[in-house]
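I opened the model to look up its side-chain contacts. My notes follow in the order I made them.

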Amino acid sequence: MFPLALIGDAFDTLKDLSDGPWFIVAIFAVALLDSVIPLVPSETLVIVGGVAAGRGDQFLGFVILAGALGAFAGDNIAYQLGRSAEDWLRRTVFRSDAGAKRLEWATQQLEVRGGLLLITARFIPGGRTAVTIASGVTGQPRKRFMLFDAVAATIWATYASLLGFIGGKTFENNHTLAFGVAFGLAVTGTVLIETIRWLRGRRTQSS
């Protein structure tokens with residue numbers, strides 16, 4: 001019960017802070033940081049923004065716009081880092097075995113799936129940073145990258161915001177439950193995408 005209580009307390013704190021205009025700025029900033037440093041829970045803040053919109057404390061369009069713009073800006077920073085600081089990134093961000101494997105996976109997948117990978121990878125924490133950086137490292141055309149990334153960021157922000165918004169409307173008398181359901185659905189979506197990717201990888205290896 002402790003983790004659930006802790007999550008509930010954390011959400012209650014965010015809920016109390018989410019009715020001000022500065023919260024939109026926070027969504028933008030956290031979404032930007034999460035694209036470069038995959039330790040910042042941007043989905044959480046976007047979902048909370050959606051819940052706030054569902055209860056009438058925020059405007060849904062602003063929540064989506066802030067999340068999408070923040071993600072787009074952060075992804076492009078990560079892309080530029082990949083182009084200009086490859087050696088430094090390999091020594092720092094991807095220095096661990098897990099980090100090196102993520103970067104290798106992203107590089108290989110870009111060769112096979114190209115820009116479409118940017119859309120699916122945006123729903124995989126850590127994976128999206130590896131893919132955007134790998135796009136820069138491998139010299140993917142900037143205009144093409146920006147086009148696919150704009151689509152990816154918009155879909156991601158709309159998805160997370162709507163989960164929170166619908167949850168806030170459905171459970172308007174229990175916003176903690178609304179957040180829990182929305183967050184659970186977001187995690188389920190991520191797991192589903194990862195499972196499909198893993199199964200496709202197994203199928204490719206066996207063929």
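I began with Asp-57. Its relative accessible area is 32%, so I logged Asp-57 as partly exposed (buried means under 20% relative accessible area, exposed over 50%, partly exposed in between, with a 1.4 Å probe and protein chains only). Arg-55 is partly exposed too, at 22%. The side chains of Asp-57 and Arg-55 meet in a salt bridge, 2.3 Å from N to O (a side-chain nitrogen of Lys or Arg within 4 Å of a carboxyl oxygen of Asp or Glu).

I noted the ground rules at this point. The model is predicted, so local features need pLDDT of at least 70 and side-chain atom pairs count only at pLDDT 80 or more, while totals for chains, interfaces and linings use all residues. Residues are numbered from 1 along each chain as its sequence is written, and side-chain values use heavy atoms, with hydrogens and water left out.

**Salt bridges**

How many salt bridges are there by this rule? I get four. I then looked up Asp-34. It forms a salt bridge with Arg-128, with the closest N and O atoms 2.4 Å apart. This pair links distant parts of the chain: Asp-34 is in helix H2 (residues 22–36), Arg-128 is in helix H8 (residues 127–137), and they are 94 residues apart. For helices I used DSSP runs (H or I, at least four residues; strands are E, at least two), numbered from the N terminus. Are Asp-34 and Arg-128 buried or exposed? Asp-34 is buried, and Arg-128 is buried as well.

Arg-128 has another partner. It forms a salt bridge with Glu-43, where the closest N and O atoms are 2.8 Å apart. Glu-43 lies in helix H3 (residues 42–54) and Arg-128 in helix H8, so this pair ties together parts that are 85 residues apart in sequence. Glu-43 is buried, as is Arg-128.

**Helix H8**

Arg-128 sent me to the rest of H8. Why do I call H8 largely enclosed by the rest of the structure? Because 10 of its 11 residues are buried. The buried residues of H8 include Gly-127, Thr-129, Val-131, Ile-133 and Gly-136. Ser-135 is also among them. I checked what follows H8: Gly-139 comes after the helix, and its phi is positive, near 70°.

I also took a distance from Ser-135. Gln-80 and Ser-135 are 55 residues apart in sequence and 9.0 Å apart in space, C-alpha to C-alpha. Gln-80 is found in helix H4 (residues 60–84). Its relative accessibility is 33%, so Gln-80 counts as partly exposed.

**Rings**

I turned to the aromatic pairs and found three. The rule takes rings of Phe, Tyr and Trp (its six-membered ring) with centres within 6.5 Å; planes under 30 degrees apart count as stacked, over 60 as edge-to-face and the rest as tilted. Trp-22 and Phe-23 have ring centres 5.8 Å apart and planes at 85°, so I logged the pair as edge-to-face. Trp-22 counts as partly exposed at 46% relative accessibility. Phe-23 counts as buried at 1%.

Next I took Phe-59 and Phe-62. Their ring centres are 5.0 Å apart and their planes stand at 80°, so this pair is edge-to-face. Phe-59 is exposed, at 52% relative accessible area, and Phe-62 is partly exposed, at 48%.

I also looked for a charge over a ring (NZ of Lys or CZ of Arg within 6 Å of the ring centre and within 35 degrees of the ring normal). Arg-122 lies over the face of Trp-156, at 4.8 Å from the ring centre.

**Whole chain**

The chain has 10 helices and zero strands. Of its 207 residues, 43% count as buried. I also checked contacts (heavy atoms within 4.5 Å). Among contacts between residues at least 6 apart in sequence, 77% join residues at least 24 apart. The accessible surface of the chain comes to about 10,900 Å², and 66% of it belongs to carbon and sulfur atoms (Shrake-Rupley method with a 1.4 Å probe; for residues, only the protein chains shown count as cover).
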